[in-house]
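Subject: Structure handover

Hello,

Here is the structure I promised to pass on. Please open it first, then read the notes below it.

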Amino acid sequence: MTTINREVTPQDPQDLHNDLHEVWGNPRGLKALTIVNHTTLGLRFMVTGVAFFLVGGILAMLIRTQIATPDQNFMTPEIYSQVTTMHGTVMMFLFAIPILEGLAIYMIPKMIGARDLVCPRLTALGYWCYLFGGIILCFSMVLEMAPDSGWFMYTPLSSSEYSPGLGSDFWLLGITFVEISALSAGVELIVSILRTRTEGMALHKMPIFAWYILAMALMIVVGFPPLILGSILLELERAVGMPFFDVAGGGDPLLWQHLFWLFGHPEVYIIFLPAAGVVSTLIPVFAGRPLVGYGWVVFAVAVMGFISFGLWVHHMFTVGIPQLAQAFFSAASMLVAIPTAIQIFVWLATLWLGKPRFQLPMLWIVGFLVIFVCGGLTGVMLALVPFNWQVHDTHFVVAHMHYVLVGGMLFPLMAGIYYWLPLFSGRMPSETIGKWGFWLVFVGFNATFLIMHWTGLLGMPRRVYTYDTGFGWDIFNLLSSIGSFVMSAGFAMVIIDIALHFRYGKPAKHNPWKADTLEWANSMPPSAYNFVSLPAIETRHPLWDNPDLPRTMREGKHGLPTISNGRREMWGTDPLTGKLREIIHLPGNSWWPLFAALALAVVCISLLLRWYPVAGVGVVIAFGFILRWSWENGAHPAAAPDARVKAGDPPLHSRTMDGPGLWAMTTAMIANGSFFLSYLFGWFYLWTVSPEWRMPDESPLSLVGLCVAGVAAILGAGLLEKAIRGLREKNDKGLAANLYGAALLGAVQFGLVLWVLLNANLAVTQTTHDAVIMVGLAYALLHSGLGAVMALLQGMRVGYRFVGAHAPFEPLVVTYFWRYSVLVFWMLVGALAILPRVIGS
């Protein structure tokens with residue numbers, strides 16, 4: 001923390017800038033690794049995503065070269081399988097979602113009138129996990145040990161019997177590492193959008209892009225945990241021999257498909273929604289009028305996000321599921337076309353009623369509209385079960401997926417990048433080079449994938465290494481491959497154009513596109529703190545309704561124009577109305593996120609090499625770094641020991657009982673709950689469906705031991721609730737005793753669950769039943785141990801005066817975690833120990 005303490009707002013805007021820069025400015029040199037600012041981290045996400053895009057693009061060109069002509073031997077079958085798997089993996093996991101999250105991280109605070117995201121160190125941890133996970137995954141190609149079972153890793157093909165090397169392990173561990181990044185960004189964006197909008201920005205006044213990002217982030221939080229669970233289970237099967245997907249042991253390989261597509265189909269919409277948000281943002285700007293049907297678009301986004309979680313079996317029509325289920329999921333798959341059509345008609349109506357300016361970003365928008373509509377029509381075709389049976393696993397599906405994902409995501413992304421380029425560089429893009437790049441991409445894309453629909457209808461399977469002449473595929477594959485190289489040339493031109501424009505682009509004037517949203521009130525390129533002062537907003541179009549707003553914001557004529565005691569401050573507002581609630585003070589630059597991510601990378605590499613003791617040490621070290629990071633919060637000297645605020649301003653969030661940390665914990669527990677419910681789904685699915693499922697006549701678990709452990713958890717949670725009631729009444733008498741008591745009861749719960757586990761004599765490598773129980777008890781141990789440690793640390797913080805009646809916030813966050821832990825523990829006891837005793841096997 002710095003020592004600035006200005007009691008009077010300086011009149012010189014340069015003084016305001018200097019003061020803010022002293023507190024918010026980014027360090028250089030080696031200390032640049034400590035940066036937690038959203039602008040820098042968002043840019044890092046996007047640049048890293050582009051690097052992985054280039055890797056995925058090179059892999060795509062290798063694929064098209066291999067199948068350009070029949071009987072090609074450009075690659076061996078083994079290398080071809082690795083290349084196809086890694087192309088899909090890189091594009092889906094290392095490019096599409098991270099670059100869209102990076103764009104959201106960069107833009108959302110600027111659009112909602114905030115100075116940063118609400119948990120900046122979490123953003124930094126997410127970036128480092130993404131970078132290290134991606135490097136580990138791609139390094140497998142250098143070692144010629146890349147995964148070769150497809151980017152969806154279907155079992156048993158990805159199991160040890162058919163993939164005995166480390167390829168599948170690279171995928172499972174690397175992707176799980178990357179998923180930590182995605183979940184971190186999801187939690188961060190949800191809480192930031194709901195709790196840090198500028199004063200007066202009620203939900204119905206929020207920029208439409210923020211609605212799309214909010215839906216995307218909620219879907220990430222709910223949709224990614226099933227894949228994390230599936231990856232953990234498959235890695236346990238490969239490394240230890242727990243037979244989760246082995247029919248002989250009582251497992252079922254279809255469980256992997258269910259868990260994967262519980263993530264995989266929502267992911268399509270997770271990728272589409274931010275891109276559609278770009279479209280809904282740009283069309284009103286270039287049409288020169290507000291979006292027609294703002295409320296209808298918000299409704300469509302919410303419905304699309306909800307329905308997307310009911311479509312996962314859409315990908316499993318050929319695995320032998322009952323016809324009634326096929327009919328249901330077929331209808332649901334067609335139903336999702338309705339919210340999509342609402343958005344398309346809103347976009348067309350806005351263009352029709354406005355006066356469109358077809359500048360470079362709009363060129364990409366028009367290309368998107370053409371391609372995505374075509375992809376949507378083939379999606380409706382694939383939703384029909386008889387047609388799906390005919391073209392399943394053919395090039396028709398590959399072409400459809402690229403029309404939806406590349407056309408539905410990449411074209412709007414390019415439009416958004418060109419549109420927001422002045423905010424990145426302060427310079428305008430080149431219309432001439434940009435248009436050349438667009439037309440090469442547009443023509444090459446359609447030449448590649450439109451033709452692939454036809455080869456699919458002619459019966460060409462996907463992922464084939466080579467093929468004989470005489471099937472009628474030869475000329476079409478050659479034309480597709482030529483088109484892919486044309487498209488690659490277009491992307492190369494776009495990347496070169498963007499890179500050169502940072503040096504040679506024409507300097508941008510203020511608000512060059514005549515936009516309506518707050519990000520254009522920023523300087524170009526933006527400062528580390530975004531805004532000198534934070535305005536009160538009464539409209540969805542602040543820059544159209546008040547063109548003078550950027551100047552008055554720069555001159556400090558709105559909220560929080562001073563730096564009080566060197567804190568990084570911004571508004572905390574009501575999630576519905578946008579009324580001011582508190583001043584949120586943010587942590588500064590820190591090494592802890594990098595150190596924690598490095599420790600997790602050591603864990604990942606150690607698990608790959610089967611160095612389990614080293615992995616255990618890495619887990620402890622990572623946990624220690626995260627706990628040390630959590631210590632620097634609230635009233636800590638490195639955070640906000642002085643709670644004074646300017647007269648008339650609301651209190652600091654750490655001195656209230658409703659800070660953003662509660663929302664972050666609640667959101668994290670939603671993700672945790674998705675993971676747990678996916679586990680319960682797997683338990684009951686195997687119990688009822690697996691043909692070789694074996695349940696013993698008597699449960700191996702001590703019901704008495706589990707119930708006593710559950711009672712200990714309830715008593716611990718009760719002590720925390722008692723402490724919270726006292727804090728709400730400004731009474732911290734006995735606070736430390738209650739916290740230490742909860743920690744002790746959490747330790748008792750941990751010990752009892754461990755005793756139950758050790759005395760159960762589970763044959764985890766012989767039966768799926770025992771392996772699933774083992775995972776459930778490990779989940780309970782993790783939560784009881786973590787809850788005990790959290791309560792213990794809070795008790796210690798009371799002694800340091802970091803927590804108490806003057807700073808009551810943190811014990812409430814811990815209490816939220818305990819509430820969740822108690823609930824899921826008793827659900828676990830009911831599912832694993834009570835229900836089998838009641839209904840038997």
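Cys 138 is a buried residue, because its relative accessible area is 13% and the cut-off for buried is under 20%. Please keep in mind that this is a predicted model.

A disulfide needs its two cysteine sulfur atoms within 2.5 Å. The search of the whole structure turned up zero disulfides. Cys 374 is partly exposed, since its relative accessibility is 37%.

Now the overall picture. The chain holds 24 helices and four strands. Its C-alpha trace spans about 85 × 75 × 45 Å along the principal axes. Among contacts with a separation of 6 or more, 82% link residues 24 or more positions apart. The chain exposes about 31,200 Å², and carbon and sulfur atoms supply 69% of that area. As for charge, there are 46 positive and 47 negative side chains. The centres of the two sets lie 11 Å apart.

- Thr 155 to Pro 156: the peptide bond is cis, with omega near 5°. Pro 156 sits in the loop between α4 (120-142) and α5 (167-195).
- Met 524 to Pro 525: this bond is also cis, with omega about -5°. Pro 525 is in the loop between β2 (506-507) and α16 (542-545).

Two other loop residues have a positive phi without being glycine.

- Arg 463: phi is near 65°. Its loop runs between α14 (431-457) and α15 (474-504). With a relative accessible area of 38%, Arg 463 is partly exposed.
- Leu 560: phi is near 50°. Its loop runs between α17 (549-554) and β3 (568-573). With a relative accessible area of 5%, Leu 560 is buried.

Is His 636 buried or exposed? His 636 counts as buried, because its relative accessibility is 11%. His 636 lies in the loop between α19 (612-631) and α20 (660-689). Leaving out residues up to four places away in sequence, His 636 touches Trp 631, Pro 641 and Phe 802.

Best wishes

Key:
Residues numbered from 1 in each chain as written. Predicted model: local features only at pLDDT ≥ 70, side-chain atom pairs only at ≥ 80, totals over all residues. Heavy atoms only, no water. Contact = heavy atoms within 4.5 Å. Areas by Shrake-Rupley, 256 points an atom, 1.4 Å probe, with all protein chains shown as cover. Lys, Arg positive; Asp, Glu negative; His and termini not counted. Charge placed at Lys NZ, Arg CZ, Asp CG, Glu CD. Buried < 20%, exposed > 50% of the residue type's maximum accessible area, 1.4 Å probe, protein only.
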